[in-house]
Structure formats: structure tokens, C-alpha cells
Amino acid sequence: MKSVFTKEAKIGLVSIISLILLYVGINYLKGINLFKPVNHYYVAFNNVKGVTISSPVYVEGFKVGLVRDIVYDYDTTGKITVEISLEDKMRLNKGSYITVFNSFLGGAELHIHLNTFVDEFLKPGATIEGRMEEEMMQSVQENILPTVENILPKIDSILGSLQALIAHPALAQSLDHIEKTTRNLEVSTRQLNQVMSEDVPGIVDNLKTVTDNFSTVSENLKGLDLASTVNSINATLANLKLTTDKLNSTDNSIGLLLNDKGLYDNLNSTMDNASKLLLDLRENPKRYVHFSVF
């Protein structure tokens, strides 16, 4: 059976398929999905340093598109148009802008800054404002390096002071004292551990015994008739008060004896006379004692 396609037609068909596969493969390697619906926007920049075709486009750290093309406007100096393709569901609010961010290791990324305060959205094909973020190295050179230059003399002075401090004999003495203190603390800790392991259990047992004794005394006190005891004490105190009142009163003999000064003086005089009588009796016994035989 004669073939429908000639040899030349087969070669042409294979070539077309190869070119299609090559185009799809190249775009796939660039990260472009030809079968995924996208919307195209244009971004106007004054500087696109580091931006290349297939540079990623992010919004809040999430990749939503790629750079499709970069065109320099030779008629208007300094104007560069970057074509980007974004996912079909990605919509841009009016007033949003895109910045170029150059990483420290090289390469650039486009970051979308959405204007969330507006509910109106740009149509595909619209032109968006582009801005250039400050490069990291330029920021370091302009902001950090001057500060470092001012700090370097102070660091040199601090290092010199630190070297003098380290070389000072007092530091060695202090370290020696710290070492001795550490050894003493180690000995104290060892002794404390010994006390805790040997003496503290005995003390705890003694405390437990004392606690048990207190508990026993408390139980005994609980069993006492404290009301009767207090009443007896009150009666005793009342009787003692009555006796004291009688001793201080002059309507009884003991009261008169304790409170009558005249009686006290008479008794004192009587005792004095008795003492004189006894003294005279001892010195002159013949006055009072007479002996006769017949």
C-alpha cells in the first residue's frame, strides 16, 4: 500500500514537532508554563539592574509570575518597560507599585506592593509604576561603614585598656582568690552534703518526736475540763482577794495587828523592855534570885 505522506512531508512534520517541543522545553526551563492562563502587565522603570527575562515576581514572598520581556525606550532616555506575566487569579489594585530587589548574592527579584486601601483593580495590559529598592551593598556603604569607621578608634582604645587590665598583677591575684574561694565553697558544699545526709535525718526524727509529744499533750489538754479548772481558779482568786481585804481592814484582830501603829509601837516598846530586863537579869542575878539554906 502506498504511503499517504511523502518522505519530505514526514521530515517537515517531525521538524515542526521538534521546534514546538524545543520552544515548550525552553520556556519550561525558564519557569514559563505555556498551558497556564496568565495576564500580562507592563512596569515602567528607570533602572532595572539585575533584572533578566524569567526573573521571578513575588507578592508577600509568594511567587505569582515571571518577567517576559525587557524593552529600552531609545526615544525617551532612562525609560525601561518590563513586561511581566502574572497568574490569572492575581489582581492588582490601582495605586500598587513594583520594586526591584537585588539580593546580596546577585540576581534581582520583582516585588509587588499592593494598595489594599483601594477596591478598584487594574485591567490586564495596564502600566504599573516601578521603583528601585536600595541595594544592600550601597546601604552598607552609606549607613554602616561610617559608623564602623567611628567605632574603630574606640575599639582600639578598648583593646589597649583590656590588654593592660589582663597584664595587671591584681587580675592574677583576683583569679587566685576566686580559685581559693571556689575550693572553700567546694569544701563547704561537701560538709553541707554530709550534714544533710547524716545529721538532718536525726534532727527530723527528733522534730517528729517533739511533734508527736505536742500532739499527745494537745490531746490531753483537750480531755481536761478547762471550764471547771478556770472556775476553781476564779474561786481561789476571790477567796484570796477576800483574805487580802480582811488583812487590810481594822475590824478584826489580824487587821488591827497589821494596821494599828499604836499596837505596833507598844509591842516594840514591850520587846525593848523585855530585852533590858533580860540584860539586867544576866548582869545582876542577885537582885532577882535569893538563896537561903536554913
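**Rings, charges and a nonpolar patch**

Tyr72 comes out as partly exposed, with a relative accessibility of 34%. Everything here rests on a predicted model. Tyr72 has a ring partner in Tyr74: the two ring centres sit 5.0 Å apart with the planes at 75°, so this is an edge-to-face pair. The cut-off for that label is over 60 degrees. Tyr74 itself counts as exposed, since its relative accessibility is 70% and the threshold is over 50%. As for aromatic pairs overall, the structure holds one.

Rings also turn up next to charges. Arg91 lies over the face of Phe121, 4.0 Å from the ring centre. Over at Tyr97, the charged end of Arg131 sits above the ring, at 3.7 Å from its centre.

Zooming out, the chain runs to 294 residues, and 14% of them count as buried. Six helices and seven strands make up the secondary structure, and the order along the sequence is α-β-β-β-β-β-β-β-α-α-α-α-α. Taking contacts between residues at least 6 apart in sequence, 56% link residues at least 24 apart.

On the surface there is also a nonpolar patch, built from Ile144, Val148, Ile151, Leu152, Ile155, Leu159, Leu162, Leu165 and Ile166. Together these side chains belong to residues with about 790 Å² of accessible area. One of them, Ile151, lies in helix α2, which spans residues 136-167. Ile151 is partly exposed, at a relative accessible area of 38%, and patch membership calls for over 30%.

Notes
Residues are numbered from 1 along each chain as its sequence is written. This is a predicted model: local features need pLDDT of at least 70, side-chain atom pairs count only at pLDDT 80 or more; totals for chains, interfaces and linings use all residues. Side-chain values use heavy atoms; hydrogens and water are left out. Patches are made of residues with over 30% relative accessible area and no salt bridge: like charges are joined within 9 Å, nonpolar side chains (Val, Leu, Ile, Met, Phe, Trp, Tyr) within 5 Å. Accessible areas come from the Shrake-Rupley method with a 1.4 Å probe; for residues, only the protein chains shown count as cover. A salt bridge is a side-chain nitrogen of Lys or Arg within 4 Å of a carboxyl oxygen of Asp or Glu. Helices (H or I, at least four residues) and strands (E, at least two) are DSSP runs, numbered from the N terminus. Buried means under 20% relative accessible area, exposed over 50%, partly exposed in between (1.4 Å probe, protein chains only). Contact means heavy atoms within 4.5 Å. Rings of Phe, Tyr and Trp (its six-membered ring) pair if their centres lie within 6.5 Å; planes under 30 degrees apart count as stacked, over 60 as edge-to-face and the rest as tilted. A charge sits over a ring if NZ of Lys or CZ of Arg is within 6 Å of the ring centre and within 35 degrees of the ring normal.
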